[in-house]
Amino acid sequence: MKFLFMFVSVLHLLSLGSGKAVYKNDISQRTFQEIKEEIASYEDVAKAIINLAVYGKYQNRSYERLGVLVDTVGPRLSGSKNLEKAIQIMYQNLQHDGLENVHLEPVKIPHWERGNESAVMLLPRIHKMSILGLGSSVGTPPGGITAEVLVVTSFDELQRRASEAKGKIIVYNQPYISYRMTVDYRVRGAVEAAKVGAVASLIRSVASFSIYSPHTGAQSYQDDVPKIPTACITVEDAEMMSRMACRGNRIVVHLEMEAKTYPDADSFNTVAEITGSKYPEQVVLVSGHLDSWDVGQGAMDDGGGAFISWEALSLVKDLGLRPKRTLRLVLWTAEEQGGIGASQYYEQHKANISNYSLVMESDSGIFLPTGLQFTGSDKARAIMREVMSLLKPLNVTNLFSDGEGKDISFWIHAGVPGASLRDDDLYKYFSIHHTHGDTMTTIDPKQMNVAAAIWAVVSYVVADMEEMLPRS
């Protein structure tokens, strides 16, 4: 006997906005079995979306669209002319695609440029190192910095050896455990080094695998701590210097960085919609970020996520579907600098938070998805499990915990259900992430088709169901 959520009592679903046609005293009048039957009725629509995206006329469309943008524009750093060119191109593309209410929402974003940069090990031998300065880093003085190196493997070791650190360049050779656990060294490395009197910090790239590839990324200074230059070096160079230090070799490095921060720049979040037919004020939001770092092409991070989000709306439109709620696409700006564009969007739209049924972001690559990560109430999770069952033709029905995404985190923390793709190959993702290798070569069009189909099915069904997803 199969036990499929045998709820007999009425499922209490909180009304989260206007358009309450099926509610009485803010309580759903339907049983969970009725909700399951409603979701099951979308089986043919889900199959039509999947067939169109994966096997039909529009297979590879999102891949081809992405290739045109990143080959034309290249990387899209916050505050750069490349980013603003990409935004204008996407504004035109979304209009030409026939989407509705296409517009740009102005925001202010950071403007930092790396300039020329180099690092050379002078002792115990001459060795030119490959580096990438970290976002918002200060530059070196004219002529650069020449200093002895202190290699440490943790912040704890740095504190134990604080008396040795003054006037030196700190090299962090922290082991890679996971991105989430290890990235703290990139973010805080300069501050912790400056606290003990170091003149610069070089951080082992936060990478699952390396072929002598430095990884850039964001870092943060503290107002009460001196700002010192900071960059990531390759895993190979960090390990080499660690071995040298263990042998007692004196290591000296010459570092030059022209990095500079400029006043905040004008930019835009890019928005397009399919307006809801019954509850147009209610929203299901799909998104990815259009900006990238200034290396590679920003194809994987996060061109792919942005373009499957566009593709989701295109597929719905191409099938002549119009959900009851508004399906809204947002292409964020300045995500890499800490979700800057998204935080301003949240401030501008949070007054309508009760009208957001689900927020979705794809920002972990578009390798073959294994399911969806979801954050929400138990009742919403039960509903989302049924929605995921519509993806059986793709064999992608798993619903994991912890829906995430920097750009949607503001909404999730405020109680809005949130979802993100769970990708099959995070090991590959973090070997390419924030490097010169983030190009179209990393993208498999067939896997991108599957990701787009999942994104379209989930967003359309949740937008078209009679009731919004319940919150806690």
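The accessible surface of the protein chain comes to about 18,700 Å², with 52% of it belonging to carbon and sulfur atoms (Shrake-Rupley method, 1.4 Å probe). This is a predicted model, in which local features need pLDDT of at least 70 and side-chain atom pairs count only at pLDDT 80 or more, while totals for chains, interfaces and linings use all residues. Residues are numbered from 1 along each chain as its sequence is written, and side-chain values use heavy atoms, without hydrogens and water.

**Overall form**
- The protein chain has 14 helices and 18 strands (DSSP runs: H or I of at least four residues, and E of at least two, numbered from the N terminus).
- Its radius of gyration is 24 Å, close to the 23 Å of the globule rule for 472 residues, so the chain is as compact as a globular protein of that length (C-alpha atoms; the rule is 2.2 Å times the number of residues to the power 0.38).
- The C-alpha trace spans about 75 × 45 × 40 Å along its principal axes.

**Burial and contacts**
- Of the 472 residues, 59% count as buried (under 20% relative accessible area, 1.4 Å probe, protein chains only).
- Among contacts between residues at least 6 apart in sequence, 82% join residues at least 24 apart (heavy atoms within 4.5 Å).

**Strand β14 and its partners**
- Strand β14 (residues 325-332) has 8 of its 8 residues buried, so it is largely enclosed by the rest of the structure.
- Strand β12 (residues 260-274) runs antiparallel to β14, joined by 5 bridges (strands pair if DSSP finds at least two bridges between them).
- Strand β13 (residues 279-289) runs parallel to β14, with 8 bridges.
- Arg-328 in β14 stands opposite Glu-273 and is also the bridge partner of Leu-285.

Note on methods
Buried < 20%, exposed > 50% of the residue type's maximum accessible area, 1.4 Å probe, protein only.
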